[in-house]
Amino acid sequence: MAHPNKGSESEPRVCAYTRTASAVLTHCVCIVFSVFMALLSRPGTSWFSWHPFCMTLAFSFFMTEAILLFSPDGSPIKRFPHKTKGRVHWILQCLCVSCAVLGLVAIAYNKHLNGKPHFTSWHGLLGLLTVCVVALQSLAAVPLIYHSLAKGWSLAKLKRYHAASGLVTYLLGSVSLLLGLCSAWFTASVGEYAWYLSALCPALSALLIMNQVTSAYMAKKRLKS
Ligand code: HEM
């Protein structure tokens, strides 16, 4: 997709630099946060350890990268055709859903082993909703590949709904991650500064992704009117 502001002479160069810098920052934040959580949780050391690892990989890494690849400023496959981007997007989203389901199974099984009740915290409840929504969102995206499945719906309309609901799913994932960071396990594992820095990661990524998706669709609207 051509950048909405490309070719517009009124845009100061500093704005273009800022957009590129924020896309690069989002890549760095999601990678650093995922590596940090992997080091902290040490996956494989217990059933629990798989939960923060898989969930961070799903929502901070795979889902963020799946959306960022459409960024006109910071996509790692910027020069590839839109069709290729769509394909890489759904592969990353399938990985996201698979990791989310594995993370959910790990924590549910861990609770079962310890005889603890399920879905009793805000994090547990919202987390369950997030995993259901991301699975539904992925199923609802199938007509974007097989358009004949959604008779009477234009592709443009399907794409608009997919982007809007995808953004809501991303925000749900970010809030679930943040609530996970408030858990007794995480607060006991890190110091105060590390906690604030960690919390900044999903919050910042959510703001930058929200900006990317809304500006792409606002620009399309502007072009139409
Ligand atoms: C978007 C990402 C996440 C989702 C969707 C999610 C989902 C869930 C769900 C559904 C449960 C409840 C399982 C049950 O009751 O059987 C749970 C529990 C838990 N999660 Fe997560 N989680 C996420 C990220 C994290 C992260 C990053 C951490 C740690 C930093 C974490 C730590 C915990 C802990 C300690 C529990 C057990 C206590 C509780 O039920 O609140 N989670 N999570």
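The paragraphs below go through the helices of this predicted model and the loops that join them. Residues are numbered from 1 along each chain as its sequence is written. Because the model is predicted, local features need pLDDT of at least 70 and side-chain atom pairs count only at pLDDT 80 or more, while totals for chains, interfaces and linings use all residues.

Helices here are DSSP runs of H or I with at least four residues, numbered from the N terminus. Two packed helices are described by the angle between their axes and the distance between the axes. Axes are lines fitted to C-alpha atoms over the stretch in contact, and angles run from 0 to 180 degrees between N-to-C directions.

Helix α1 (residues 13-41) packs on α2 at an angle of about 165°, with the axes 9 Å apart. That makes α1 roughly antiparallel to α2, a term for angles over 145 degrees. The α1 and α2 crossing is left-handed, which means that the near helix is turned anticlockwise from the far one by less than a right angle. Two residues are in contact if their C-beta atoms, placed from the backbone, lie within 7 Å. The α1 side of this contact includes Ala-23, His-27, Cys-30 and Phe-33, and the α2 side includes Phe-53, Leu-57, Phe-61 and Glu-65. By class, the residues of the contact of α1 with α2 divide into 11 nonpolar, 8 polar and 1 charged. Ala, Val, Leu, Ile, Met, Phe, Trp, Tyr, Cys and Pro count as nonpolar, Asp, Glu, Lys and Arg as charged, and the others, Gly among them, as polar.

The loop between α1 and α2 holds Arg-42. Arg-42 is not a glycine, yet its phi is positive, about 45°. Arg-42 counts as exposed, with 11 C-beta neighbours inside 10 Å.

The contact of α2 with α3 has 20 nonpolar, 5 polar and 1 charged residues.

A further partner of α2 is helix α6 (residues 155-181), packed at an angle of about 150° with the axes 11 Å apart. Pro-52, Met-55 and Phe-59 are among the α2 residues that meet α6, where Tyr-170, Gly-173, Leu-177 and Gly-180 take part. This contact of α2 with α6 has 7 nonpolar, 4 polar and no charged residues.

Between α2 and α3, the loop contains Ile-77. Ile-77 is exposed, with 11 other C-beta atoms within 10 Å. Leaving aside neighbours within four places in sequence, Ile-77 is in contact with Leu-69, Thr-84, Lys-85 and Val-88.

In α3 itself, the buried residues are Gln-93, Cys-96, Cys-99, Ala-100, Gly-103, Ala-106 and Ile-107. What covers them includes α2 and α4 (122-140). After α3 comes Gly-115, with a positive phi near 65°. Phe-119 is found in the loop between α3 and α4. Phe-119 has a positive phi of about 50° although it is not a glycine, and Phe-119 is partly exposed, with 14 other C-beta atoms within 10 Å.

Notes: A residue is buried if 20 or more other C-beta atoms lie within 10 Å of its own, exposed if 12 or fewer, and partly exposed in between; C-beta atoms are placed from the backbone. Helices (H or I, at least four residues) and strands (E, at least two) are DSSP runs, numbered from the N terminus. Angles under 35 degrees count as roughly parallel, over 145 as roughly antiparallel, 65 to 115 as roughly perpendicular and the rest as oblique.
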